Amino acid sequence: MTVITMSRTEIDRMSVLQDLAASRIKVTEAATLMRLGRRQVFRLAKAYGKHGPQALVSQRRGRPSNRAYPADLRDMATGIIRERYPDFGPTLAAEKLAELHDIHLARETVRQWMITAGVWKDRRARLKAVHQPRYRRDCLGELVQIGSEHWWFEARGPQCTLLVFIDDATSRLMHLQFVESESTFDYFAATRAYLETRVFPAMIHRESPMRILLILGG
């Protein structure tokens, strides 16, 4: 089985040529879809009919560019930069290569070689990730945070965890409870105490008993 690697453009052209061969579209429409002239469409259609998809694949794929620099020159340039100018940017490195080593390269060529060699990072790689700040909630009770383990009694007692319910909007301490360790059961017990002392009284103050039962029942 022969495997043919095709670009997105070549695959699209093959689809158009198939429609052309099946008379589903005309040459003018095929030329518009492929953004080619009529003569090029006829040439591609003839080649496709004779050789199949292989006729659409660029013959230069996998071959080095005619304008590519020799590998020895690239290795020499990157070796000099790594040894003598590791802290230089591409522009200054290109200038030093030309002035002191008689190696004349475009700044973009030097930049690409430096990136490939790991001597230089492009701007996007150097920028730190920007994290969107989380703004505090507007109202009391919308969000409560809990922490934290510490030697609360210094050396006079064992290490324990203080479960602190802190309101996000006001930084008010809503509930504090010492426990031996952070466990699911301790969190359940502390949450129950917080709800009974802070949430339910507020609900009773604002809501009718029937409304409270409906809320608790889901």
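Good morning. The chain averages a pLDDT of 78, and 74% of its residues score at least 70; pLDDT is the predictor's confidence in each residue, on a scale from 0 to 100. This is a predicted model, in which local features need a pLDDT of at least 70 and side-chain atom pairs count only at pLDDT 80 or more, while totals for chains, interfaces and linings use all residues. Residues are numbered from 1 along each chain as its sequence is written, and side-chain values use heavy atoms, with hydrogens and water left out.

Let me begin with confidence along the chain. Helices (H or I, at least four residues) and strands (E, at least two) are DSSP runs, numbered from the N terminus. Over residues 207-218 the pLDDT is below 50, and this stretch has five contacts in the model beyond near neighbours in sequence. A contact here means heavy atoms within 4.5 Å. Where pLDDT is low, the predicted coordinates should not be read in detail.

I turn next to the salt bridges. How many does a search of the whole structure find? The search finds six. A salt bridge is a side-chain nitrogen of Lys or Arg within 4 Å of a carboxyl oxygen of Asp or Glu. Side chains of opposite charge can pair when their charged atoms come close.

One of these bridges joins the side chains of Arg 8 and Asp 12, at 3.0 Å from N to O. Both residues belong to helix α1 (residues 8-21), and because they are four residues apart, about one helical turn separates them. Arg 8 is exposed, at 55% relative accessible area, whereas Asp 12 is partly exposed, at 39%. Buried means under 20% relative accessible area, exposed means over 50%, and partly exposed lies in between (1.4 Å probe, protein chains only).

Another bridge links Asp 19 with Arg 24, whose closest N and O atoms are 2.8 Å apart. Asp 19 is partly exposed at 23% relative accessibility, and Arg 24 is exposed at 55%. Ser 23 is found in the loop between α1 and α2 (27-34). The phi of Ser 23 is near 65°, a positive value in a residue other than glycine. Most residues other than glycine have a negative phi. Ser 23 is also exposed, with a relative accessible area of 65%.

Arg 35 likewise has a positive phi, near 55°. This residue lies in the loop between α2 and α3 (38-51), and Arg 35 is exposed at 78% relative accessibility.

In helix α6 (residues 107-117), Arg 111 and Glu 108 are three residues apart, about one turn of the helix. Is Arg 111 buried or exposed? At 17% relative accessibility, Arg 111 counts as buried, while Glu 108 is partly exposed at 37%. Salt bridges that share partners join Arg 107, Glu 108 and Arg 111 into one network. Within it, the closest N and O atoms of Arg 111 and Glu 108 are 3.0 Å apart.

My last topic is the strand pair. Strands β3 (residues 160-167) and β4 run antiparallel and are joined by six bridges; two strands pair if DSSP finds at least two bridges between them. Phe 165 stands opposite His 175 in β4. The two strands form a hairpin with five residues between them, and Ser 171 in the turn has a positive phi of about 65°.

Which residues does Arg 136 contact, leaving aside its neighbours within four places in sequence? They are Asp 168, Ala 169, Thr 170 and Ser 171. Arg 136 itself lies in the loop between α7 (123-126) and β1 (144-145) and is exposed at 52% relative accessibility. Although Arg 136 and Ser 171 are 35 residues apart along the chain, their C-alpha atoms are separated by 9.6 Å.

Finally, Ile 166, Leu 173 and Leu 176 make a nonpolar surface patch of about 250 Å². Patches are made of residues with over 30% relative accessible area and no salt bridge, with like charges joined within 9 Å and nonpolar side chains (Val, Leu, Ile, Met, Phe, Trp, Tyr) within 5 Å. Leu 176 is in strand β4 (residues 173-179) and is partly exposed, at 46% relative accessible area.

Thank you for your attention.

Technical notes. Accessible areas come from the Shrake-Rupley method with a 1.4 Å probe; for residues, only the protein chains shown count as cover.
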